[in-house]
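Colleague: Please pick out one part of this model and go over it closely. Then connect it to the contacts and charges elsewhere in the chain.

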Amino acid sequence: MGFKELRQATSVEEFDYQLLVSHLSEYSNKRDAITRLMRDQKIIRIKKGLYIFGPDYRKGLVCKESLANQIYGPSYISLEYALAFYGMIPERVDQVTSVTTGRSRKFNTPLGSFSYRYLPIEKYTVGITWKQLDDYHGVMLATPEKAIFDYVYFSRGVSDKTSLEHYFYDDLRIDEAVLKELSLDRLIEIAKSFSSGRINRVLQFIQELHHA
C-alpha cells in the first residue's frame, strides 16, 4: 500500500502517524517515504505525529477544531474562538484558543496558531460539551457559559457593574440579548467550580439582566 491507498481509505483530511505508516507497507524505509511525501506537498506535518493532506490532494476542508483537540491535550476549545464559534462576538478569530490542564502552550503550524491556557482541574471539568461538527468530526468544546467564564477568568479589570458593562458591550461587543440567552442554571454550576470573586461578579451581573 502507498499514498494513493491512504487517500482513498481516509475520509477526513487529518490523520496521525500510525494511520500513515499503516499505508506505507510498500516502502522499506518509511521515514524516507514520509519525508518525500512532505517534500512533494502530498502531506503536511502539523506537529510531530499529526498530518493533513496537501492542498492538491484534499477532498474537503481541514477541521481546525479537530486538530486543536489533537495537537495538545487534554484540552477543549474555549475563550475567543469559542465565543466566535457560537456567534457571541462579531469578530472573526483565526487563532484556535483552547484550555488545558497541562502547562500553557502555543503551537505555530502551517494552518495557523493554536494556543492553550492552563486551568486547574477543579475549574476545568464543568461546562465542557462534545460537539458533533459533521459526519466525521466531533470536538471537545466549552459551552457558551463556560467560554464566557473562561475568558473572564484570564482577563483583568472586571470589578463592578460599570466596568462589566464596558467589558461586555464595548470591549467584547457582546449584545445584551446574547447574555440573556445564557442558561442561569449552567452559569451557577460553572461558577461554583471556579470559586472566584471575579466570576461571581459576572454571574451576578448576568442574573440581574435575566431578572430586569
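Modeller: The largest pocket has a volume of about 230 Å³, taken as the space filled by probe spheres set on grid points that are joined across faces, edges and corners. The model is predicted: local features need pLDDT of at least 70, side-chain atom pairs need pLDDT 80 or more, and totals for chains, interfaces and linings use all residues. Numbering runs from 1 along each chain as its sequence is written, and side-chain values use heavy atoms, without hydrogens or water.

The lining of this pocket comprises Tyr17, Arg31, Ile34, Thr35, Met38, Arg45, Lys48, Gly49 and Tyr51. A pocket here is an open set of points on a 1 Å grid over the protein atoms alone, where a 1.4 Å probe fits, with protein on both sides within 12 Å along at least five of seven lines; lining residues have an atom within 4 Å of a point. Helix H3, residues 30-39, contributes most to that lining, with 4 residues. Helices are DSSP runs of H or I, at least four residues; strands are E runs of at least two; both are numbered from the N terminus.

Next, helix H4. Of its 8 residues, 6 are buried, so H4 is largely enclosed by the rest of the structure. Buried means under 20% relative accessible area, exposed over 50%, partly exposed in between, with a 1.4 Å probe and protein chains only. The buried set is Glu65, Ser66, Leu67, Ala68, Asn69 and Ile71.

Glu65 sits in H4, which spans residues 64-71. This buried residue has no salt bridge, a term that requires a side-chain nitrogen of Lys or Arg within 4 Å of a carboxyl oxygen of Asp or Glu. Its nearest side chain of opposite charge is Lys64, 7.7 Å away; Lys and Arg count as positive, Asp and Glu as negative, and His and chain ends are not counted. Glu65 does have a polar partner. Its side chain makes a 2.7 Å polar contact with that of Tyr81. Such a contact is an N or O pair within 3.5 Å; within protein, one atom must be able to donate a hydrogen and the other to accept it, and residues adjacent in sequence count only through side-chain atoms on both sides. Leaving out residues up to four places away, Glu65 touches Ile77, Tyr81, Phe85, Leu133 and Val139, with contact meaning heavy atoms within 4.5 Å.

Thr100 belongs to strand E5. Thr100 counts as buried, because its relative accessibility is 0%. A polar atom of its side chain lies 2.8 Å from the backbone oxygen of Pro74. Beyond four places in sequence, its contacts include Tyr72, Pro74, Tyr116 and Tyr124.

The loop between helix H5 (79-85) and strand E5 (96-100) holds Pro90. Pro90 touches Leu172 and Arg173, with residues up to four places away not counted. The C-alpha atoms of Pro90 and Arg173 are 7.1 Å apart, across 83 residues of chain.

Now the charges. The count is 8 salt bridges. One of them joins Asp94 and Arg92, N to O 2.9 Å. Asp94 is partly exposed at 46%, and Arg92 is exposed at 75%. Lys123 pairs with Glu122 at 3.8 Å. Lys123 is buried at 12%, while Glu122 is partly exposed at 44%. Lys146 and Asp150 form a salt bridge at 3.9 Å. Both lie in helix H7, residues 144-153, 4 residues apart, about one turn of the helix. Lys146 is buried at 0%, and Asp150 is buried at 0%.
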